[in-house]
Amino acid sequence: MARVTTFTYNVTVVNPGSGNKFYMDGILQSYITLFPGCTYEFNQDDSSNATHPLRFATQADAANSSEYTTGVTSSGTPGSATAWTKIEVTSSTPYQLFFYCTAHSGMGGTLDCPGVSENKDRGCQFGGEDANPAYTNTVEYWQVSSLGNANDFGDLTRTVSGSSAIMANNTIGCCAGTSPSTDTIDYIVFETRGSGIDFGNLTVGRAAASGVANKVRGITAGGRAAPVQKNEIDFITFKSFGNALDFGDLTSSKRGLGVSASPTRGLFSGEGDSPNSAQIDYITIMTTGNSADFGDLTVGRGFMGGASSSTRGCFAGGTGPSNVIDYVTIANLGNAIDFGDLTVGRNLSGGASNNIKATFSGGSTPSYSNVIDYITISSTGNATDYGDLITANTGASGSNGHGGLQ
């Protein structure tokens, strides 16, 4: 039997009390999943669609003239017979699109296109501490290659503090440890949205650990199990769900480290406690053993956002709060070089990247911040505004397209 490759959504417009919204087959949907190799028809012949043309964009409500037209065709006038808009999803369709009304804002939602490209670039912020103040379990996401505000992804299995270890490959993102000194590792699947799932446990429960990864392994290093700092380095194998194993030790016991990675090497920089060491440690991800000295940051600090391409690591912000952005060439031992400044100095920001762009999200100024900045990794200069988190907080971040995955 031939596989069905054309699907139809019957669109209506309903006001549920918060303004007009597009309903799909009678259901208000904040997001829809589309698959490559299929064509999707959004049928707008119902009279409620009058004056509400449905189209697609790479940013919500087509902000910044971002309407998406590749593989898109339309016919008729919304609200009359034979009115529809179709999209053919291929391997080159963006990982995320938005459906929207060309005449009225706030009516649409998002389209997830899982599996369309190896060029993954979804960034996620995992929990964190907000202004209540309270630890949260909320996961927010954004597309690193775009601009705009973060969206709700779902929830972790537990609340986490603002400095958990994030280990991510192309498929899943793992969040390890939290205050007060837990050993839990849970994970999300980047191409979906929904709740976290239990992965296993660290070798030692701790908070304020830091994580790096390549496609095969995730590494968690350092942290604090009150009242002492930790030097343990653990590793997990992504395809083998279960508990972490011992990798080795950092050069010293420390927490709140900035991170970056290539497919070969992982870096752990700085220190979150006074006198805020500038030292950068490095490991070879696919071996085991103790870390070694790489060089020094331009300024000693901890609790900074870290991100990377396959060749360059960047460390942004940190204790102070600092606005400094440093960079290193991951393959070459040596000291960091000044890159530029964040738009706002802040501590405990998260870092996420693809191979071109890095984002630094949230943090403390010392007030809780919802700012997301971005840089182009291969250049130098000051960061630029990307958009905002839903909630101002100090959560850790990661992505499924960072430099360790290239």
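Predicted model: local features only at pLDDT ≥ 70, side-chain atom pairs only at ≥ 80, totals over all residues.
**Notebook: a look through an all-residue model**

I started at D112, which sits in strand β10, residues 109-112. For my own reference, strands (E, at least two residues) and helices (H or I, at least four residues) are DSSP runs, numbered from the N terminus. Residues are numbered from 1 along each chain as its sequence is written, and side-chain values use heavy atoms, with hydrogens and water left out.

Is D112 buried or exposed? I found that D112 is buried, because its relative accessible area is 1%. The cut-offs I use are under 20% relative accessible area for buried, over 50% for exposed, and partly exposed in between (1.4 Å probe, protein chains only). Next I listed what D112 touches, where a contact means heavy atoms within 4.5 Å. Not counting residues up to four places away in sequence, the list includes Y31, I32, T33, L34, R122 and E191. I also looked up N354, which is 242 residues from D112 along the chain; their C-alpha atoms are separated by 18 Å.

I moved on to Y100 in strand β9, residues 96-101. Y100 counts as buried because its relative accessible area is 5%. Which residues does Y100 contact, leaving aside its neighbours within four places in sequence? I got F22, P53, L54, R55, F56, A57, D61, A62, E67 and G108.

Most residues other than glycine have a negative phi, and most peptide bonds are trans. D61 is not a glycine, yet its phi is positive, about 55°. A62 is not a glycine either, and its phi is positive at about 60°. D61 comes out as partly exposed because its relative accessibility is 33%. A62 is buried, since its relative accessible area is 16%.

**Entry: cis peptide bonds**

Where do I find P227? P227 is in the loop between β20 (224-225) and β21 (228-229). The bond joining A226 and P227 is cis, with omega about 10°. I noted another cis bond from G320 to P321, where omega is near -5°. P321 is in the loop between β29 (312-316) and β30 (324-329).

**Entry: T77**

T77 lies in the loop between β7 and β8 (84-88). I put T77 down as exposed because its relative accessibility is 52%. From T77 to V228 I got 67 Å, C-alpha to C-alpha, and the two are 151 residues apart in sequence.

**Entry: cysteines**

How many disulfides does a search of the whole structure find? The search finds zero. A disulfide here is a pair of cysteine sulfur atoms within 2.5 Å. C113 is in no disulfide, and its nearest cysteine sulfur, on C38, is 11 Å away. C113 is buried because its relative accessibility is 0%. C124 is in no disulfide either; the nearest cysteine sulfur belongs to C175 and is 11 Å away. C124 also counts as buried, since its relative accessibility is 0%.

**Entry: the whole protein**

Zooming out, I counted 36 strands and zero helices in the protein. The C-alpha trace spans about 70 × 45 × 40 Å along its principal axes. A compact globule with 406 residues would have a radius of gyration near 22 Å, and the protein agrees because its value is 22 Å. That radius is taken over C-alpha atoms, and the globule rule is 2.2 Å times the number of residues to the power 0.38. Of the 406 residues, 55% count as buried. Among contacts with a separation of 6 or more, 57% come from residues 24 or more positions apart.
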